[in-house]
Amino acid sequence: MTVVGIDKMGFYTPGMYVDMAELATARGEDPNKYLIGIGQSKQAVIPPTQDVVTMAANAAEQILTPALKAEIGMVLFGTESGIDNSKATAVYLAHLLGLPQNTRAIELKQACYGATAGLQLAADYVRVHPQAKVLVIGADIARYGLRTAGEVTQGGGAVAMLVTADPTILALDTISSYHTEDVMDFWRPTYRTEALVDGKYSTNVYLDFFKTVWTGYQQQTQRTIADFAAFAFHMPFTKMGRKGLRQILPEATPEQQTQLTTAFEASQADNRNVGNLYTGSLYLSFLSLLRHGQLAANSRIGFFSYGSGAEGEFFSGVLQPNFRDGFVEEQLAQQLANRRRVSVAEYEQIYAAQLSNDGRDVQLAVGEETATYYLAGRQHEQRQYRKQ
Ligand code: COA
């Protein structure tokens, strides 16, 4: 059977962050609660000039040459921060990127699970059509509201993945284990801009779902923890992934426990400095593992995807010999290093300045915007996207 998986990966997050120790102090909390208890150091601040479409375009632009763009036959956009209840973000994205018109472009939603649905559907499609190239996006803006318990788990950004045959980064295994249950741990009715969440409950459901799909995966494949060099977790905040790993670590030998813990530290490094990007979080964690980990080619990586509401999936893949060629390390490192730290007061002001829901014409201040793709405002109820 054709080997199919992730060929290239790009990541974009806006050029501003708020420091978590500073935010903790402003909220009257011990900084160690945020830094250690939650496990976050910096949180991306999303200006009104960036939405999921522009962030996805900025991530995809890193990995798509003009020749590759011409070959994309499908765009699957996972998000729960959509900008339109009818028209898919993927259509806006395909136009912005200049993709061919003989492409399918759709949006997928299931909380933080959307990008995994995209990845698996893309992989199955390429297995049937080995020449096809599919662009899969995981992009979100995590908003819980100022001074809420969830505030420390906000953030935002986009991961873009090219799914092809004979991939450069990861060959996906065909067997995976998934589970869906109607659970009210996190939801956002269409009239709300911020999510409703039962935070403690959602962390428990996450861990229960992980146990269920990990057990199911092992039964289907006869693999055990000994078959894995590392795990990547859906990571709304790094402590959540750490709790996931702790749940299965006793199944490993002491020596492997050390190896898996070291790999986990690599997988949380970038998420710790970006925050939550909902459906993109698992894939940012995977990218972080690739960037900061000491992984050998042909290692098997396990992935736990979780989307509240709820859907969980455990799947796996094998790292390919030249996996480091599938992303642009220098670009990712610079992007994170060059961000500007904003004060808590400025973060609060930017948080409140999101595009209003009243449909009025708006012209945004785009002076500070350095990204290739950005949102300039709204006219006649249409978002005005720009490329520079
Ligand atoms: N030093 C070190 N750790 C500290 C601390 C301190 N001074 N003060 C508190 N902590 C630890 C707590 O012990 C706890 O650790 P634990 O989870 O390992 O027990 C952690 O910090 C968080 O403290 P807690 O009191 O539980 O935080 P909270 O009530 O403010 O809520 C969330 C935390 C995650 C539930 C909340 O941020 C939230 O609702 N987030 C959104 C939902 C979400 O992300 N769900 C994830 C599943 S998808």
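**Two helices in contact**

Modeller: In H3, Val 52, Val 53, Ala 56, Ala 57, Ala 60 and Glu 61 meet Thr 89, Tyr 92, Leu 93, Leu 96 and Leu 97 in H5, where contact means heavy atoms within 4.5 Å. The residues of this contact divide into 9 nonpolar, 1 polar and 1 charged. Nonpolar here covers Ala, Val, Leu, Ile, Met, Phe, Trp, Tyr, Cys and Pro; Asp, Glu, Lys and Arg are charged, and the others, Gly among them, are polar.

Colleague: Before we go on, what kind of model is this?

Modeller: This is a predicted model: local features need pLDDT of at least 70, side-chain atom pairs count only at pLDDT 80 or more, and totals for chains, interfaces and linings use all residues. Residues are numbered from 1 along each chain as its sequence is written, and side-chain values use heavy atoms, with hydrogens and water left out.

Colleague: OK, back to the helices. At what angle do H3 and H5 pack?

Modeller: About 45°, with the axes of helix H3 (residues 52-61) and helix H5 (residues 89-97) 9 Å apart. That makes H3 oblique to H5 (under 35 degrees is roughly parallel, over 145 roughly antiparallel, 65 to 115 roughly perpendicular, the rest oblique).

Colleague: And what does Asp 30 do?

Modeller: Asp 30 caps the N-terminal end of helix H2 (residues 31-38), with a side-chain oxygen 3.0 Å from the backbone nitrogen of Asn 32. Helices are DSSP runs of H or I of at least four residues, strands are E runs of at least two, and both are numbered from the N terminus. Just after H2, Gly 39 has a positive phi of about 85°.

Colleague: Which residue other than glycine has a positive phi?

Modeller: Ala 111 is one of them, with phi near 45°. Ala 111 sits in the loop between strand S5 (104-108) and helix H6 (114-128). Asp 166 has a positive phi too, about 45°, and is found in the loop between strand S7 (155-165) and strand S8 (170-172).

Colleague: Is Ala 111 buried or exposed?

Modeller: Buried, because its relative accessible area is 8%. The cut-offs are under 20% for buried, over 50% for exposed and partly exposed in between (1.4 Å probe, protein chains only). Asp 166, at 63%, counts as exposed.

Colleague: Last one: which peptide bond is cis?

Modeller: The one from Gly 309 to Ala 310, with omega near 10°. Ala 310 is in the loop between strand S13 (300-307) and strand S14 (311-319).

How values were computed: A polar contact is a pair of N or O atoms within 3.5 Å; within protein, one must be able to donate a hydrogen and the other to accept it, and residues adjacent in sequence count only if both atoms are side-chain atoms. Axes are lines fitted to C-alpha atoms, for helices over the stretch in contact, and angles run from 0 to 180 degrees between N-to-C directions.
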